[in-house]
Amino acid sequence: MNMTKKVSIAIKADFIHFLNEDEMVFIPKGILWVEEGKVKMIGEEEKVSSFLPKEIITKDYSGKLVFPGFIDGHVHAAQTQAIASYGKRLLDWLETYIFPLEEKFENNDFARHSVRFFFAQLLRNGTTTAAIFPSRHPEATAILFEEALRLNMRILAGKTNMDRNAPVSLRDKTELTYSENNQLIEKYHNSERLNYILTPRFAITSSEEQLQAIGDLKKTYPKIAVQTHLSENNHEVGNVKKMFPKSKSYLDVYDSYGYLGKGSLMAHAIFLEDDEWKRLAKTQTSIVHCPTSNLFLGSGLFDLQKCRKYKIPLALGSDVGAGNSFSMLRTASEAYKVAAVQDIEFTARNAFYLITLGGAKALNQDVFIGNFEVGKEADFIVVDTMATELMQERLRDSHNIDEILFVLMMLGDDRNIKSVYLQGNKVEI
Ligand code: GUN
Ligand code: FE
């Protein structure tokens, strides 16, 4: 264990965090006291300062806002170099831009370069935890875990599995599905802050044998969740129905292999039938809403209203490279617009909950992260709401925290992220 990464420090700033969906806590002029990487105490300056040990190092960020690190519920580590590729819908886009790029992750040097760049982008944008799809290569996946370990990031990842409807070099040997995943699980799952998550790309690119092998792994490791894509695009949904005629619905394909349950992550979920909503609710399977991606690929509009009605755990995802920003602020601003065109309310509180505690709950990581409850890992970010001239002008006379948060969500990006801390340790960004 690398103790030097778990730091004791006191942070002076204004703090925002959530105790639950409806309970935001705003502490102006507060102190966060971190002991050995975990939250020891948080509160108003006068209260906390009397408890602080004399020798503690204090960082003064007065006037800045400190949030728990942002959480990206769905992102592809092997797609950075294809972000913003012009003009095709999902299935064409995958074939034209994404598969040729993912093939390059066969080369470990490229994989290492790419994954370092990827994590730097996450951190620069204030994202301290993510559920990540690497390429299908076990070596590239190991490189990703090693890099996250070196950075001391809490992540979820698992090699992307596919053995059909992809270029030959991107197809797994079906009979190796169990052992390749198993080896990675044994080596990395629960090592420091790493979590393995089983990752069949989507129903179209896995044979029934492969889907079954992943179901077998889920049975062997019941605490390990599954992440995949669900009902993103109408052509995709049509193909799944043709390919799996015995299944009642797209979700039913995943259900039949035992993938659903707490912490499992279904990205997109745009074209769901009532039975699918009900089944997600019953199993408390999470949805990851990826608005930048859904608009960029012209996929469709996520129905946040239904998701709320069925009380399904929800996270927001950047879905880079289909999403066109690593910033969870920009992702939240697009979620606002996707809700607005459907006349659904989506406040700044809704957004900041989803990219902190809500995301942590959806990823089943909320015992460790998501807010500043005593004992949680102290991953946090320092935000300057006045980072741009436009924001200075807009916020000159604003003193209401909801207004400030809304402007931050609609105009903010990586320029607003001034510092990032992992377990109390400042990261170079
Ligand atoms: N569906 C299957 N694979 C992908 C992917 O890489 N990106 C997105 N957005 N959807 C997918
Ligand atoms: Fe995706």
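Modeller: Before we start, helices (H or I, at least four residues) and strands (E, at least two) here are DSSP runs, numbered from the N terminus. This is a predicted model, in which local features need pLDDT of at least 70 and side-chain atom pairs count only at pLDDT 80 or more, while totals for chains, interfaces and linings use all residues. Residues are numbered from 1 along each chain as its sequence is written, chains are lettered from A and ligands numbered from 1 in the order in which they are written, and side-chain values use heavy atoms, with hydrogens and water left out.

Colleague: OK, which residues come nearest to ligand 1?

Modeller: There are 13 residues around ligand 1, and those that come nearest are His76, Gln79, Arg201, Glu232 and Asp319; a residue is near if one of its heavy atoms lies within 4 Å of the molecule.

Colleague: And what is the distance from the side chain of Glu232 to a nitrogen atom of ligand 1?

Modeller: A polar side-chain atom of Glu232 lies 2.6 Å from a nitrogen atom of the ligand, and an N or O atom in the side chain of Asp319 is 2.8 Å from a nitrogen atom of ligand 1. For Gln79, a side-chain N or O atom is 2.8 Å from an oxygen atom of ligand 1. A polar contact is a pair of N or O atoms within 3.5 Å.

Colleague: How much of ligand 1 does the protein bury?

Modeller: Ligand 1 exposes 280 Å² when taken alone, and the protein buries 100% of that, with accessible areas from the Shrake-Rupley method and a 1.4 Å probe.

Colleague: Which element gives the largest share of the shell?

Modeller: That is helix H2 (residues 90–103), with 3 residues. By type, the shell around ligand 1 divides into 5 nonpolar, 5 polar and 3 charged residues.

Colleague: Switching to the backbone, where is the cis peptide bond?

Modeller: The cis peptide bond joins Val320 and Gly321, with omega at about 5 degrees, and Gly321 is found in the loop between strand E14 (314–316) and helix H12 (328–340). Most peptide bonds are trans, and most residues other than glycine have a negative phi.

Colleague: What about Asn190, is it buried or exposed?

Modeller: Asn190 has a positive phi near 65 degrees and lies in the loop between helix H5 (177–188) and strand E9 (194–196). Asn190 is exposed, with a relative accessible area of 57%, where exposed means over 50%, buried under 20% and partly exposed in between (1.4 Å probe, protein chains only).

Colleague: And Gln423, buried or exposed?

Modeller: Gln423 is buried, with a relative accessible area of 3%. Its phi is positive, about 45 degrees, although Gln423 is not a glycine, and its place is in the loop between strand E16 (417–422) and strand E17 (425–427).

Technical notes. A polar contact is a pair of N or O atoms within 3.5 Å; within protein, one must be able to donate a hydrogen and the other to accept it, and residues adjacent in sequence count only if both atoms are side-chain atoms. Ala, Val, Leu, Ile, Met, Phe, Trp, Tyr, Cys and Pro count as nonpolar, Asp, Glu, Lys and Arg as charged, and the others, Gly among them, as polar.
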